[in-house]
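Here is a short briefing on pockets and charged pairs. Keep the structure in view as you read.

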Amino acid sequence: MRKASGNGILGVSTIDAGPGRDPVGSTAPGALEWVDASEDPPEGMTEPRIIPRAEHPISRGYIDPDALKVLYRLHRSGFKAYLVGGSVRDLLTGRTPKDFDIGTDARPQDVRRLFRNCRVIGRRFRLAHVLFDGGKLVEVSTFRRRPEPEEAEPGQGGDVDLLIRSDNTFGTPAEDAVRRDFTINGLFYDISNFAVIDYVGGVEDLERHLVRTIGEPEIRFREDPVRMMRACEFAARLGFEMTPAVRAAIDENRREIRKSAAPRVTEELLDPLRRGWGAATYRLWSETGLLGEIFPDLDREVGGKAGANGLFWRMLAETDRRRAGGEVLSDASLLGVVFLPLLFSAIRTRSGGKVDAQKLLLLLEEVVNPSSVRLSLPNAAIHDLKQGLFTMGRLAELGPGDAAARRLVTKGYFPVAVGLLSLYAAASGRYRDAAFAWEEVLRRGGRTPRPGEDIRAAIPFPEALVPHETHDPNEVFLPDDVRATSRPAHRRRRRRSSGGGHPGEAA
Ligand code: ATP
Ligand code: MG
C-alpha cells in the first residue's frame with residue numbers, strides 16, 4: 001500500500017477554503033452550500049478542475065492492467081474513458097482499490113462490440129462487464145445522470161418523497177459526477193491525458209479528510225438513505241470527518257433508513273466487517289443513531305455510552321485485526337459476533353443467567369429469527385449462524401479429544417463455531433486453551449486427535465504459553481454475570497455416550 005504524502009495529495013500542506021466553502025469543522029450546519037442542491041450540475045462547476053499528471057500521484061503502474069486495457073481500447077475507439085469512483089479516491093490517497101470501475105460515453109452495446117469477452121447486464125440500467133482470466137471482471141458504465149424530479153413520486157402526508165426508485169438515464173460526464181454520493185467518490189481519471197477531473201471539489205475534500213455529500217445532504221439522504229450508512233463507513237475506514245451538515249442531516253433523517261431495501265442494508269452491515277473496519281464503522285453508526293434504526297436489538301445492547309458491552313467492541317476490533325492480517329471469516333461468523341451480545345442478554349434476562357441445551361436452542365430462535373427476517377438474511381447464513389453460536393459453547397466445554405465432539409468437525413458450521421470461540425477467547429482472555437486446540441483441529445483439516453493423544457504435543461507452541469490447566473469444568477463460556485448450567489466433564493461424557501443426537505441439530 002502506498003502512502004500519500006503528508007502534505008496532501010497535490011503536495012500542498014494547506015488549502016484555502018475558497019469562496020463559499022466552509023473552513024473545516026467551523027461551519028454551522030446548513031452553511032455548506034458550495035456544491036448547491038439544485039438538480040443540475042452546480043453553477044460554476046460545469047467546468048471541472050483539471051489536475052494534470054504532473055500534479056497528482058496516480059501512475060498507470062498502480063492501475064490494474066486489465067482495467068488499463070479496457071480504458072485504452074475505449075479511448076482508441078474514440079470514446080471518453082475514465083476511471084471513476086472509489087478507485088480514483090483510493091489511488092489519490094495511496095490506498096489499494098478494491099476494483100477499478102470505468103465510466104465512458106460509449107453505450108453498453110458499443111462496449112459489447114469492442115470486447116468479445118463482454119456481457120451486458122442489468123434490466124433497467126445496463127452495465128457492461130468485461131471478463132478476464134481468473135474470473136476477474138471490469139465494470140464499464142455509461143455516464144448517467146440523476147433522475148428528473150418528475151421521476152420521483154409524491155409521498156404520503158404531503159411530504160415530497162425523494163426516494164430514488166430508478167436510475168436509468170444516460171448523461172454527460174458532469175452529470176455523472178454530480179449524481180454520485182460523496183465528493184471524494186466523484187472524481188475521474190482520464191486515460192487520454194492522465195489528468196484527474198474534479199467536478200465536485202473531491203480533491204480538496206480528500207486533502208482535508210472530509211466526507212461531504214455532492215449537493216445538499218438532506219436531499220441526497222432522502223433520495224437514498226443507505227448513503228447515511230455509507231457516509232459513516234467512509235469516515236470510519238478513511239479516518240475522515242463527516243461535515244457538520246452531513247452529521248446534521250443524518251440526525252434529521254436517520255429514520256428514513258427504514259425505507260431502504262433490506263438486502264442493501266444488510267450488505268452495508270456486512271461489508272465493513274468483511275473488510276476490516278467494522279469496529280470504527282459500527283461505533284459511528286451507533287453514535288449517529290443509525291444502528292438504533294437498523295438493528296435496534298443490537299444497539300440496545302452495545303450502544304449508548306462508550307464502552308457499553310466492551311466484549312462486543314473488543315470482538316469487533318479483533319475481527320478487524322485478523323482481517324488486516326489476511327484472515328477471512330465467513331459471513332456466518334461475522335454475524336455471530338453481531339448476534340452474540342443479543343444471545344448473552346437473552347440468557348441473562350430470559351433465562352436467569354442459566355441455560356441448558358434445550359433452552360439455548362429456544363433462545364437462539366428468539367434472538368436470531370426476528371432480526372434475520374427484518375434484515376432478510378439468507379437462510380444458509382441463518383442456519384450456520386445459529387448452529388455456530390450453539391456449537392461455540394460446546395467447543396468451549398469439550399476438548400477435541402472428547403468423543404462427543406468428534407462429529408462436530410465434519411459439520412459445515414464447525415469453522416463458524418471455531419471462529420467465534422477464537423474471537424471470543426482473544427477478546428475476553430477466557431477459553432484460550434479450548435479455542436487454540438480447536439483452531440489447530442481446523443488447521444489440520446478437521447483431524448481430531450487419536451484417543452489419548454494430547455493435541456498440544458503436536459502443536460509447535462511454547463509450552464509456557466499454554467496453561468497446564470485447561471478450564472475449570474464448572475466454569476462456562478459465557479462472560480461476566482451470565483452463567484450456563486454446566487455439568488462436570490465426566491458426567492457430560494457419560495450422558496452423550498448413552499445415545500441421543502447432538503441437540504444443535506434440531507435447530
Ligand atoms: P469500495 O472501495 O467500497 O468499493 P467505492 O467508492 O468504489 O468504494 P462502491 O459501492 O463500489 O464504492 O460504488 C462505486 C461508486 O459508485 C462510488 O464511488 C460512488 O461514486 C457511486 N455510488 C455508490 N453508491 C452510491 C449511492 N448510493 N449513491 C450515489 N452514488 C453511489
Ligand atoms: Mg467499488
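How accessible is Lys136: buried, partly exposed or exposed? Lys136 counts as partly exposed, at 29% relative accessibility. Buried means under 20% relative accessible area, exposed over 50%, and partly exposed in between, with a 1.4 Å probe and protein chains only.

This is a predicted model, in which local features need pLDDT of at least 70 and side-chain atom pairs count only at pLDDT 80 or more, while totals for chains, interfaces and linings use all residues. Residues are numbered from 1 along each chain as its sequence is written, chains are lettered from A and ligands numbered from 1 in the order in which they are written, and side-chain values use heavy atoms, with hydrogens and water left out.

**Salt bridges**

- The count is 29 salt bridges; each is a side-chain nitrogen of Lys or Arg within 4 Å of a carboxyl oxygen of Asp or Glu.
- Lys136 pairs with Asp64 in one of them, at 2.7 Å from N to O.
- That pair links distant parts of the chain, 72 residues apart. Lys136 sits in the loop between strand E5 (127-131) and E6, and Asp64 in the loop between strand E1 (49-51) and helix H1 (65-76).
- Helices (H or I, at least four residues) and strands (E, at least two) are DSSP runs, numbered from the N terminus.
- Asp64 is buried, at 16% relative accessible area.

- Asp205 and Arg212 form a salt bridge at 2.8 Å, N to O. Asp205 is buried at 0%, and Arg212 is buried at 5%.
- Arg258 bridges to Glu293, with the closest N and O atoms 2.7 Å apart. Arg258 is in the loop between helix H8 (244-253) and H9, and Glu293 is in helix H11 (residues 290-294).
- Glu293 is buried, at 11% relative accessibility.
- Shared partners join Arg146, Arg220, Glu223, Asp224, Arg227 and Arg264 into one network of salt bridges.

**The largest pocket**

- A pocket is an open set of points on a 1 Å grid over the protein atoms alone, where a 1.4 Å probe fits, with protein on both sides within 12 Å along at least five of seven lines.
- Lining residues have an atom within 4 Å of a point.
- The largest pocket has 44 lining residues, and Arg179, Asp181, Arg230, Arg264 and Glu268 lie nearest its centre.
- Elements that give two or more residues to this lining include helix H7 (226-238) and helix H9 (262-275).
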